[in-house]
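Biologist: Could you walk me through this model step by step, please?
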Amino acid sequence: MNLYELTATELSKKLASKDCSAVEATKSVFDRIEEVEGKVEAYLAVTKEEALNKAKEVDEKRAKGEALSPIAGVPIGIKDNICTKGVLTTCASKMLYSFVPPYNATVIDKLCSQDMVMTGKLNMDEFAMGSSCENSYFKKTKNPHNLSCVPGGSSGGSAAAVAAGEVFLSLGSDTGGSIRMPASYCGIVGLKPTYGSVSRYGLVAFASSLDQIGPFGRCVEDVAMLYSAICGRDENDATSVICKYPRFTANCTDIRGLRIGLPKEYFGEGVDAEVKKAVTAAVSELEKAGAVVKQISLPSTDNALSAYYIISSAEASSNLARFDGVKYGYRTESFDGLIDMYEKTRSEGFGDEVKRRIMLGTFVLSSGYYDAYYKKAKLFQKRISLEFEEAFKGCDIIITPTAPDTAFKLGEKVSDPVKMYASDICTVTVNIAGLPAISVPCGKDSKGLPVGMQIIGAKFTEQKLFDVASFYEALTGGPQKVVHVPV
Ligand code: GLN
């Protein structure tokens, strides 16, 4: 067995018992990158030399008997919208093609202080806007399960790299589903944490009231390990909160009495029959193990997509105003005055989807339409949050499909934005209500493509999500194996 095939927690244990070294593990990952990256195209930048130097340093610390974090020496990849000091951070946009941040995001500082070995920066939809990773200015990442399919988005590179064994763990960001949806399409585990539980400082903002950074892994325990390493209060992010758990676990063996709610709106029209079947079968397994399942209703779900695209675009139009050719990134070559420079820079620097969101956001915030769209969407946000609160009085967790379908073909939806937006139907409500949710693989469809089950919890119940997800995972064969990529 190659080292890159281990789960991150298995590797962590081997490193601790000196059964292998961080340098060996890092080399194994880079050999794998060499082998399959030409096909998968998950990385925008690879930091091999720095990674090997860091791995060597970790091995030396261990040899001296220093107490190290469980993630010390474990190779981790980072989505390219998370600022990494001295390492290109492009958000997969021409606008930031040359941007090298002078500082680290808080999550990076946290991971560095725990001796992470960073393998590089991972591909994504431009500024995290998209559901297929096809909006990247630089390249199109492929789904390792079927190279003619998308990996999902926007954190497609982060999910594909983990699934293909090109890294043990990765970080993504989730504004409307960008961690859970690619996790589902690539057959791995992904967590969107409670809003406020992970610092957003140094995450390039898309929609600040919805964005959260979160982990990907090939098993629930890996995701719990990385989440433990990044969560908590940060002075630089006023919305972040103290984490009460010293370390999250993923070894639950008893779910008797667990109350599961199944919202009927997530199993209706628009959800693929095979996806429904796989998720329903997974729920039956949990029921057999002693969980109590009941049907519930979240009636506002029907309007969730509209509200999400109004709120997220409004915030994006404001957040992206800073890219003006003056402070950083791309600037047009020739211009006639300041306004012309702004216009040309932004026209040339942003891709179509980003421009669409900026226009939509500016429109819904404009004085004539503010009440009709933005204000209504904010009222809706309150309503959906209350509906979830009410639902959690009668159940401990809510289960839905993560996505209405499985990975679709590259090119299939790019020319139809509304179709693309519809892929987020099962995930956006969670962001709107600020809740945590995890996506775990629950079988495959008839084309051999993975199906994801979404487990949603009340705020700050990540431990419960890990419990249920790990219980289900153990019941169904344990961690996901690295996907065989035809080369
Ligand atoms: N697909 C959604 C969008 O395009 C979600 C993106 C995200 O979570 N970053 O907005």
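This is a predicted model: local features need pLDDT of at least 70, side-chain atom pairs count only at pLDDT 80 or more; totals for chains, interfaces and linings use all residues.

Biologist: How many helices and strands are in the protein chain?
Modeller: The protein chain has 15 helices and eleven strands, where helices (H or I, at least four residues) and strands (E, at least two) are DSSP runs numbered from the N terminus.

Biologist: And what is the radius of gyration of the protein chain?
Modeller: The protein chain has 21 Å, which agrees with the value near 23 Å that a compact globule of 487 residues would have; the radius is taken over C-alpha atoms, and the globule rule is 2.2 Å times the number of residues to the power 0.38.

Biologist: How do H9 and H11 cross?
Modeller: The axes of helix H9 (residues 304-319) and helix H11 (residues 352-365) come within 7 Å and cross at roughly 100°, with axes being lines fitted to C-alpha atoms over the stretch in contact and angles running from 0 to 180 degrees between N-to-C directions. H9 and H11 are therefore roughly perpendicular to each other, a label used for 65 to 115 degrees, whereas angles under 35 count as roughly parallel, over 145 as roughly antiparallel and the rest as oblique.

Biologist: Which residues of H9 meet H11?
Modeller: Tyr-309, Ile-310, Ser-313, Ala-314 and Ser-317 of H9 are in contact with residues of H11, including Arg-357 and Ile-358, and contact means heavy atoms within 4.5 Å.

Biologist: New topic: what is the volume of the largest pocket?
Modeller: The largest pocket has a volume of about 530 Å³, and among its 28 lining residues Gly-270, Val-271, Asp-272, Pro-404 and Asp-405 lie nearest its centre. On a 1 Å grid over the protein atoms alone, a pocket is an open set of points with protein on both sides within 12 Å along at least five of seven lines, a cavity is a set where a 1.4 Å probe fits but cannot get out, and lining residues have an atom within 4 Å of a point. Grid points are joined across faces, edges and corners, and a volume is the space filled by probe spheres set on the points.

Biologist: How much space lies in the largest cavity?
Modeller: About 80 Å³ lies in the largest cavity, and the structure holds one cavity of 30 Å³ or more.

Definitions and conventions
Residues are numbered from 1 along each chain as its sequence is written. Side-chain values use heavy atoms; hydrogens and water are left out.
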